[in-house]
Amino acid sequence: MIWKIPLSDLDFGEEESRAVQEVLKSRWLTMGSVTQDFEAEFGAYVGTKHALAVTNCTAALHLACMALELGPGDEVIVPSLTFVATANAVRYVGATPVFADIESEQDLSISPAAIEKCITERTRAIIVVHYAGYACEMPRILALAKAHNLAVIEDAAHASGSFLDGNHLGNWGEVGCYSFFSSKNMTTGEGGMVTTNRDDLAAKIRILRSHGMTSLTWDRHQGHAWSYDVVALGYNYRIDEIRSALGREQLKKLEGNNAVRQRLTILYREVLHELAPTVTVPYENHRGNSAYHLMPILLPAGTDRVRFMDQMKVSGVQTSIHYPPIHTFHAYMEIAKENAPLPVTEDVTSREVTLPLYPGLNEEQVKFVGQAVRDALHSAGQ
């Protein structure tokens, strides 16, 4: 289907094309010097000591769990309102995800009070998710983690360019995990980054992302090594030079594009307040500086969401849901039986709809979407 207004769109230009062509001309496509430059530039941008590029954010989360030596018998507290990869990564290492509720319909972040209620003698870590690019309550969460000797992993898939109290999100806990999926604020198609300020974790992740090998093909190509040892059961989680070249160009655009997203979000709030005042727009008074990755709204209670989204489709506006809660998936039902109730998560996820948001969107299109929301609500009985 050709959408009048898609959910997201790429900001790719001649810069990205030239960067890819330079890689192709170099005739070196696997992880090498371009990736090293991308890692250095991203690390400098977020202010972290180590930045390691990987094939996607799921790999980043898995590597974070492995480096922290989480395993069978351990519990990791996570939100249910996130993409399933957040919890999957915990299960990859044999640990058990424990779902904590979110704060409120205005703050879709994991609740520190709910986290505290989930802590047991088996709890080893907390994974926070900076939903839509908005910061979790990191000072309170870190205080809880310190009091109970827990590691904190930040799922910053939505948060490239977000920060709180002058510190980039992803740079608060032991490990930060970023996504460069095609819909993200900066994209390489598929791709991700792991960041940490701990030398020991960086050393483990560096080995684990490439089969547990002590040297890379690039090292041997450069004459820095002629063989290698395998010192751990590692994975092929490497990124390639083409995606790293895209990432370097996208990083240059990130702050400007995030500023555009902010202006569009402010306009959305004004338009929806006027045209659809019964709709809730979360994060009205949010912490820190968001990357404004998503434009979530909550429909009024009792609205037929399927009918609403179908009517938006008729108007040519693509919408989505972020996210179906993990604890309701068939693959998680057995685990979720032991979980405490998640009333706020279940209420919010039954009403959430994501509207289009990307730097190429213009003011007239935002107003058009607002009018479509008004009409779709009327069609859905509101």
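What do the buried residues of H10 pack against? Hi everyone, let me start there. They pack against strand S10 (295-298), helix H12 (343-351), strand S11 (352-355) and helix H13 (363-379). Packing here is contact, with heavy atoms within 4.5 Å. Helices (H or I, at least four residues) and strands (E, at least two) are DSSP runs, numbered from the N terminus.

Two quick notes on the source. This is a predicted model, where local features need pLDDT of at least 70 and side-chain atom pairs count only at pLDDT 80 or more, while totals for chains, interfaces and linings use all residues. Residues are numbered from 1 along each chain as its sequence is written, and side-chain values use heavy atoms, with hydrogens and water left out.

Back to H10, residues 305-314. Its buried residues are Arg-305, Phe-308, Met-309 and Met-312; buried is under 20% relative accessible area, exposed over 50%, and partly exposed in between (1.4 Å probe, protein chains only). Those buried residues fall within an arc of 95° seen down the axis of H10, so they line one face of the helix. That arc is taken over the directions from the helix axis to the C-beta atoms. On the other side of H10 you will find Val-306 and Val-314 exposed.

Now the ends. At the start of H10, a side-chain oxygen of Asp-304 comes to within 3.3 Å of the backbone nitrogen of Val-306. Just after H10, Gly-316 has a positive phi of about 90°. Further on, a cis peptide bond joins His-322 and Tyr-323, with omega about 5°, and Tyr-323 sits in the loop between H10 and helix H11 (333-336).

Next, positive phi outside glycine. Glu-69 has phi near 60°, lies in the loop between H3 and S2, and is exposed, with a relative accessible area of 54%. His-211 has phi near 65° and is partly exposed at 33%.

Finally, cavities. On a 1 Å grid over the protein atoms alone, a cavity is a set of points where a 1.4 Å probe fits but cannot get out, and lining residues have an atom within 4 Å of a point. Of the 13 residues that line the largest cavity, Asp-9, Asp-11, Lys-184, Asn-185 and Arg-261 are the closest to its centre. Thanks, everyone!

Technical notes. On a 1 Å grid over the protein atoms alone, a cavity is a set of points where a 1.4 Å probe fits but cannot get out, and a pocket is an open set with protein on both sides within 12 Å along at least five of seven lines; lining residues have an atom within 4 Å of a point. A polar contact is a pair of N or O atoms within 3.5 Å; within protein, one must be able to donate a hydrogen and the other to accept it, and residues adjacent in sequence count only if both atoms are side-chain atoms.
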